[in-house]
Structures are given as C-alpha cells and as structure tokens.
Amino acid sequence: MGFCVNIRDGGMGNTFQDAGRLGFRHQGMPASGFLDAPLAHCANALVGNPANATCVEMRVLGPTLFVTSGALRVAIAGQAQPVITRANSLQQPLLPWHSATLFEGDALRVGAIQNGCAYLSIAGGALLPEAMGSQSTYVRVAVGGLNGRALTTGDSFDGPANPVDVSTRELQSTQPFEWPAGPVRVIAGPQSDHFTADALDALVGTMWTTTAEQDRMGVRLSGQRLTHLTAAHADITSDGIAPGTIQVPGNGLPIVLLADCHTVGGYPKIATVITADLPRMAHMPPGTSFQFQLVDHAQAARALQATDALLTTWVGQLKTYSPPGFLDEKALYGQNLVSGFLRADPLG
Amino acid sequence: MGYSEPKLLAMGDAAWTVELGPDIDIDVNARCMGLAASIADAVASGELSGVVDIVPTFRSVTVHFDPRHSSAPTIPSHLQALARAATPPTAARRTWRLPACFDSRYAPDLQAVADRHNLSPEAAIAQFLSTPLRVYAMGFMPGFAYMASTPEGLACPRLTTPRTQVPPKSLAIAGRMAAIYPWMSPGGWNLIGAMPIPTFDLQVRASPALFEAGDVVTFFEIDAGTFQTLEKPGRDPIALRREFLVDSL
C-alpha cells in the first residue's frame with residue numbers, strides 16, 4: 001500500500017465524508033456527505049483529486065496524524081493553523097490552501113478549526129470500504145468512514161497502492177476560498193401555510209443566532225419564536241425532509257437541517273435554505289448571527305451558478321510551488337544544470 | 001380521502017414533495033406507492049433525469065434531485081402529470097410472514113396494553129396477529145418501517161416517558177401503528193414483543209433495509225427458543241429473508 005497513517009489524536013468532530021450516500025433515502029438512510037461540498041472541492045483540487053474525493057471533514061478540533069510508512073500528499077481548505085513535525089523533529093506550518101507531502105515518521109497536528117468546518121484532503125484518497133455506494137461516515141448507525149465512527153485515537157488507515165506521484169511540485173492558492181457574506185437565502189415551504197403571516201415576516205425580518213445545539217444533523221437557532229396558525233399546525237403527518245429544510249417544532253424555534261438529517265420528519269417546515277447557501281450553515285459556530293432572505297427558484301438557480309463560477313475561478317488560480325527541501329529535478333534539468341541540489345527558500 | 005388535485009410543494013431548490021392527501025389514509029398511501037413506482041419508471045426510461053432519491057411516505061412522495069441538472073426546471077411539471085395519473089399498484093410488491101416472540105422478556109409493555117383494553121396478554125397477541133399490516137412509510141432511522149393499522153382494540157398512546165434505550169429487534173405499537181426497532185435507540189412506543197430477522201443489514205448490499213413502503217406484513221408467534229435460534233449470527237442474510245417472504249412481484 002502507498003502509506004499507512006496512525007491517528008495519534010482523533011481530535012473532535014472529524015469524519016471521513018464524500019458527496020454523500022444517494023439512492024437509499026427510501027430505506028430511511030440519510031444522505032450524509034460534505035456539509036460544505038465546494039470547500040471540500042478546494043481541498044481536493046489542491047492535491048489533484050477529483051472534486052468529490054473523500055476528505056476528512058473537521059469541525060471542532062482537527063486530528064493529529066502520524067505517518068507510519070510511505071508518503072502522502074495532503075492539503076487543508078479552511079481556517080486552521082496546522083503544524084507538521086518532521087521525522088527529524090523540525091517543525092513547519094502547513095499553511096491552509098497549500099499542499100504538502102508527509103513522509104514516514106512525520107506528524108501533522110491540525111489543531112482547532114476556526115469557523116466551524118474545514119477539510120483535509122489526501123491525494124489518491126484513503127482505503128476505506130464503501131457502504132451503500134459511499135465512504136461518508138454516518139456515526140448514528142456506525143456506517144461508512146473509518147470503522148463507522150469519527151476519527152478515533154489509535155485507529156489507522158492505509159492509502160492506495162498507487163497514490164499521486166509525490167515527486168511533483170506542490171500546489172498553492174494565493175487566496176482563501178471564502179463564502180460571500182449576506183443573508184442566507186431560502187425558498188418558502190413546503191409547509192409555510194402552517195404559520196401566521198407574522199411568523200413569515202419574522203423569519204426574514206429578524207436576526208437569528210446559532211446555538212450550541214448543532215451537529216451534522218442540524219442547527220438549532222434562537223431568536224423570535226415563530227407562531228403556528230394553531231397548536232394543531234405544529235405537527236404534520238411525517239413526510240420527506242432534506243438538508244436545508246427549516247423545521248419549526250411547537251416551541252417556535254427553528255432547526256436548520258443538515259447533511260445527516262433523517263429522511264422523514266413530523267414538524268412543519270416553514271422554508272428551505274437553497275443549495276448555494278447551505279454550505280454556509282456549516283460555518284456558524286454557536287453565537288453566530290445572521291438573517292434569512294426569501295428567494296424564488298430562478299434566483300436560487302442564479303445563485304448556484306454564481307457559486308459554481310466562484311469555485312471555478314478559485315481552482316483556476318492554483319499555482320505550483322516548491323517547498324523547502326524540494327528537489328525540483330524537472331526545473332534543474334530544464335536549466336541544464338549538471339546535478340540536483342536542495343532548495344532552501346523559506347516556506348510561504 | 002385524497003385531494004382532487006395533487007399539491008406540489010417546493011422543498012428548496014433540490015426537492016419537491018407531491019402531496020396526494022391531508023393525512024394517513026390507505027387509499028392515498030396506495031396511490032403514493034403507485035406514484036413512486038411511476039416516477040421510478042420515468043427515471044429508468046430516461047424521461048425524467050437528475051433525480052437522486054424517491055421517498056414515498058404516508059400521503060406524499062418526496063423527490064430529491066440535482067439542482068445543477070439541466071432538466072431540474074422541468075421536474076415539477078413532470079411530477080404534476082405523473083401525480084394526476086397516479087393509481088394504486090394492482091398488488092402489494094411483497095408480502096412478508098415474519099416470526100414474532102411475545103415472551104415477557106421482550107414484551108415489557110404487553111401486560112399494560114392488554115390491561116388498557118381488558119384483555120389477557122394472550123388475547124391481545126391474538127388480536128395483533130389477526131391483522132395484516134402495511135408499510136406506510138420508511139424513516140426515523142435506517143430500516144425503520146411505520147406499519148399500520150393495528151386493530152382498534154389494541155390502540156394505545158405512546159409512553160408518557162420514552163425509554164432512553166429500546167433494544168434492537170423490539171416490536172412496538174403506538175396509536176394504531178406498529179414498528180420494529182432496527183437499532184438500539186431512544187423510543188416511546190409500547191414494546192409488545194420482538195422480531196429476530198434484522199430489519200437493516202449492510203450485507204444485503206442492494207437493499208440493506210428489509211422493508212420498503214408498500215410491503216404487506218403478517219406475523220406468527222414463536223417461542224423464545226426459536227427466537228434465539230433465528231437470531232444466531234452466521235446465517236446467510238438473503239436466504240434468511242427469503243424464508244419469510246410469502247409473495248413478491
């Protein structure tokens with residue numbers, strides 16, 4: 001195999017995810033998958049992976065990984081301050097938005113994730129079994145990922161036999177990928193008619209704050225309580241739900257559902273966050289204030305095109321770079337130098 | 001009774017819910033199964049593309065799709081046309097005859113349910129076994145089937161204090177519904193027995209869930225010894241399922 005990695009410290013809230021487990025929601029199986037797929041796409045682009053290759057999604061405290069054999073190329077998209085400790089004890093920062101290659105005996109300590117969600121990509125991916133067509137971890141029933149659970153101290157994973165050629169140059173971005181600010185856009189429904197006109201006004205006209213009650217299933221919000229038309233309108237015959245739907249139980253406080261949400265639910269759903277803006281909900285640590293804005297399908301489609309264009313532009317500006325100690329044979333021979341030497345310019 | 005005109009409800013830009021009626025009703029539910037099947041046919045024939053999941057529930061069908069797909073804007077009109085034409089399937093897709101054990105170790109609430117209706121536990125079991133159930137919807141957790149309708153004479157509310165841990169395989173009733181817990185989980189339904197065949201098994205790759213919405217389910221009584229034999233791991237899961245499948249289209 002290409003490499004073997006031991007998880008020295010599982011950290012907190014770190015799971016392998018990919019584009020999700022589609023085609024099984026009629027069996028009650030949630031979709032799971034990336035909370036912020038475009039950000040995962042950035043991490044994958046930095047190591048030359050396909051856009052939806054499996055990444056480690058990191059939410060609170062990133063893991064510490066130790067390379068027990070082989071070499072692997074990694075990159076982090078998101079806000080963190082990871083440090084590589086080389087086998088010879090030399091410490092180097094792994095700058096976010098830069099790829100780096102880890103060799104046998106190296107350790108990568110990711111540390112705290114600063115705004116709710118970041119991705120660690122691995123060139124060529126990790127060797128994980130597929131469950132129902134996906135490697136995404138769904139912790140609740142121990143399906144997918146590494147042993148069906150979050151990254152756990154002491155667990156190990158291997159890389160494929162033919163990983164990406166680590167002798168090629170690294171990739172970097174000169175700028176982070178950032179989501180634009182502004183209200184989170186929603187489409188009304190499917191049960192907006194279960195609420196008073198005042199509730200609909202309050203949904204888009206008042207500020208909402210994320211609470212500490214949040215995980216991959218959803219985020220509870222605090223703010224003005226939304227009133228159902230009658231007490232009976234606070235329950236519905238359970239029907240389909242989706243990531244992005246805003247459920248409002250009897251207490252009037254909304255819950256925005258995320259990737260691991262169930263497939264059906266019995267609370268009325270006042271509105272649903274559009275695909276373009278849903279990734280932003282993963283970057284709202286407790287206490288984040290924001291507003292909702294009502295849009296229609298045409299606006300949602302334009303917003304999605306704009307998001308995709310933003311991502312394409314970002315991926316397009318990636319450049320190769322040579323980290324310290326990198327032996328750039330191609331450039332050397334290109335310049336007709338007699339033999340290789342080690343570059344020693346400082347990183348970044 | 002269903003609506004005279006299906007309701008098309010937007011769930012963001014990546015799903016539509018087609019609602020055929022206001023509440024739980026066997027005819028509405030049967031039409032939902034017919035609609036889900038016709039949507040699946042339209043996807044298979046290429047007439048409808050971009051669809052990633054079709055989820056029939058009690059009185060509606062939710063269709064999840066890729067909002068980036070070029071045909072996404074045409075999905076609602078397609079769904080509306082299919083919904084207007086939806087008819088119940090002519091027969092249940094599958095009929096199961098499953099073993100159920102009502103031994104007191106698996107049935108902590110059986111006595112209370114029987115007492116509520118002035119029945120002996122044996123009479124309550126006989127009532128339960130007398131009625132074929134239908135899977136109205138899947139959900140709550142992977143493999144969890146909402147089955148109805150249990151006899152009026154066994155109707156019971158949920159527990160006032162839900163259990164924090166319901167053992168997997170528990171057979172439970174609430175209102176006029178029945179369910180089998182696939183996993184250890186919290187739950188407020190009344191536990192009246194247990195069913196030994198796993199209702200979610202990743203070894204059955206094409207269909208880890210035992211049930212699908214629209215299935216018909218009957219139960220027969222087994223003793224605790226038979227339960228333990230059937231529960232033993234190591235049996236081929238597909239063969240085990242086939243043993244209790246009475247009829248399949």
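**View 1. A:Ser32 and A:Asp260 meet through their side chains in a polar contact of 2.8 Å.** A polar contact here is a pair of N or O atoms within 3.5 Å; within protein, one must be able to donate a hydrogen and the other to accept it, and residues adjacent in sequence count only if both atoms are side-chain atoms. Bear in mind that this is a predicted model, in which local features need pLDDT of at least 70 and side-chain atom pairs count only at pLDDT 80 or more, while totals for chains, interfaces and linings use all residues. Residues are numbered from 1 along each chain as its sequence is written, chains are lettered from A and ligands numbered from 1 in the order in which they are written, and side-chain values use heavy atoms, with hydrogens and water left out.

Where does A:Ser32 sit? Look in the loop between β2 and α1 of chain A; helices (H or I, at least four residues) and strands (E, at least two) are DSSP runs, numbered from the N terminus. A:Ser32 has a relative accessible area of 6%, so it is buried. Buried means under 20% relative accessible area, exposed over 50%, and partly exposed in between (1.4 Å probe, protein chains only). Contact means heavy atoms within 4.5 Å. Setting aside neighbours within four places in sequence, A:Ser32 has contacts that include A:Gln17, A:Tyr138, A:Arg216 and A:Asp260. A:Asp260 also belongs to a network of salt bridges with A:Glu57 and A:Arg216.

**View 2. Helix α1(A) is mostly covered, with eight of its ten residues buried.** The buried ones are A:Pro38, A:Leu39, A:Ala40, A:Cys42, A:Ala43, A:Asn44, A:Ala45 and A:Leu46. What lies over them includes β3 (55–58), β4 (64–77), β7 (99–103), β9 (118–122), β11 (170–172) and α3 of chain A. Just after the helix, A:Gly48 takes a positive phi of about 75°.

**View 3. A:Arg25 and B:Asp53 form a salt bridge, 2.8 Å from N to O.** A salt bridge is a side-chain nitrogen of Lys or Arg within 4 Å of a carboxyl oxygen of Asp or Glu. A:Arg25 comes from the loop between β2 (15–17) and α1 (37–46) of chain A and B:Asp53 from strand β3 (residues 51–56) of chain B, so the pair joins two chains. Are these residues buried or exposed? A:Arg25 is buried, at 7% relative accessible area, and so is B:Asp53, at 2%.

**View 4. Chains A and B meet through 38 residues of chain A and 41 residues of chain B.** The area buried between them is about 3,000 Å², with carbon and sulfur atoms giving 60%; buried area is the accessible area (1.4 Å probe) that two parts lose on being put together, summed over both. A:His26, A:Gln27 and A:Thr237 supply 21% of the area that chain A buries against chain B, more than any other three residues. Between the chains there are two salt bridges, along with 14 residue pairs in polar contact (both at pLDDT 80 or more). On the side of chain A that touches chain B, β12 (184–188), β15 (239–240), β19 (269–273) and α3 (297–316) each supply at least two residues. Helix α3(A) gives the most, with four.

View 5. In chain A, the side chains of A:Asp155 and A:Arg149 meet at 2.8 Å, N to O. Here A:Asp155 is buried, at 10% relative accessible area, whereas A:Arg149 is partly exposed, at 36%. Over all chains, the count is 20 salt bridges.

**View 6. The largest nonpolar core holds 65 residues.** A nonpolar core is a set of buried Ala, Val, Leu, Ile, Met, Phe, Trp, Tyr and Cys residues joined through side-chain atoms within 4.5 Å. Which residues touch the most other members? They are B:Leu98, B:Phe128, B:Met147, B:Phe211 and B:Phe219. Strand β6 (residues 133–138) of chain B gives the largest share of this core, five residues. Apart from this core lies another, of 45 residues, including A:Leu46 and A:Leu258.
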